[in-house]
Amino acid sequence: MTPWSNSIYSVREQILSIPVWATLTDIPSVLQLLIGLNWLASLIGDFKCFDANIVARKNLLYARALIEITPEILLPSILKVRIKEGHE
């Protein structure tokens with residue numbers, strides 16, 4: 001990622017990745033640890049970090065993750081994850 005500048009339009013064709021904040025909701029409890037959330041975020045793109053609430057373990061109703069994606073990727077609106085038996 002590079003800082004914003006007025007010259008960004010001249011290199012528009014050279015954009016290789018786009019940072020996006022993804023909001024993850026309805027997360028199974030078995031995936032609510034940082035390693036599970038990291039895994040979920042990596043299913044979308046190149047995971048970078050979580051917002052401060054997740055790092056501080058506050059407001060676990062949803063997780064916001066910063067993810068880098070390539071411009072041509074089709075973003076999913078839903079991720080379905082199968083959990084092994086014995087887990088929620």
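**Rings, then strands**

Mentor: The structure holds 1 aromatic pair. Rings of Phe, Tyr and Trp (its six-membered ring) pair if their centres lie within 6.5 Å.

Trainee: Which residues form the aromatic pair, and how many Å centre to centre?

Mentor: Phe 47 and Phe 50, at 4.6 Å centre to centre. The planes make 45°, so the pair is tilted. Planes under 30 degrees apart would count as stacked, over 60 as edge-to-face, and the rest as tilted.

Trainee: Before I go on, what should I know about the model?

Mentor: This is a predicted model: local features need pLDDT of at least 70, side-chain atom pairs count only at pLDDT 80 or more, and totals for chains, interfaces and linings use all residues. Residues are numbered from 1 along each chain as its sequence is written, and side-chain values use heavy atoms, with hydrogens and water left out.

Trainee: Is Phe 47 buried or exposed?

Mentor: Buried, with a relative accessible area of 18%. Phe 50 is buried too, at 12%. Buried means under 20% relative accessible area, exposed over 50%, partly exposed in between (1.4 Å probe, protein chains only).

Trainee: New topic. What lies over the face of Trp 21?

Mentor: Arg 64, at 4.6 Å from the ring centre. The rule: NZ of Lys or CZ of Arg within 6 Å of the ring centre and within 35 degrees of the ring normal.

Trainee: Now the sheet. What is the strand order?

Mentor: S1-S3-S2, an open sheet of 3 strands with antiparallel pairing. The edge strands are S1 (18-25) and S2 (46-50), each pairing on one side only. Strands are DSSP runs (E, at least two residues), numbered from the N terminus. Two strands pair if DSSP finds at least two bridges between them.

Trainee: How many bridges join S1 to S3?

Mentor: 8, and the two run antiparallel. Thr 23 has Arg 64 as its bridge partner in S3.

Trainee: And S2 with S3, over how many bridges?

Mentor: 4, also in the antiparallel sense. S3 covers residues 62-69. Phe 50 stands opposite Ala 65 there, and Asp 46 has Glu 68 as its bridge partner.

Trainee: How many of the S3 residues are buried?

Mentor: 6 of its 8, so S3 is mostly covered.
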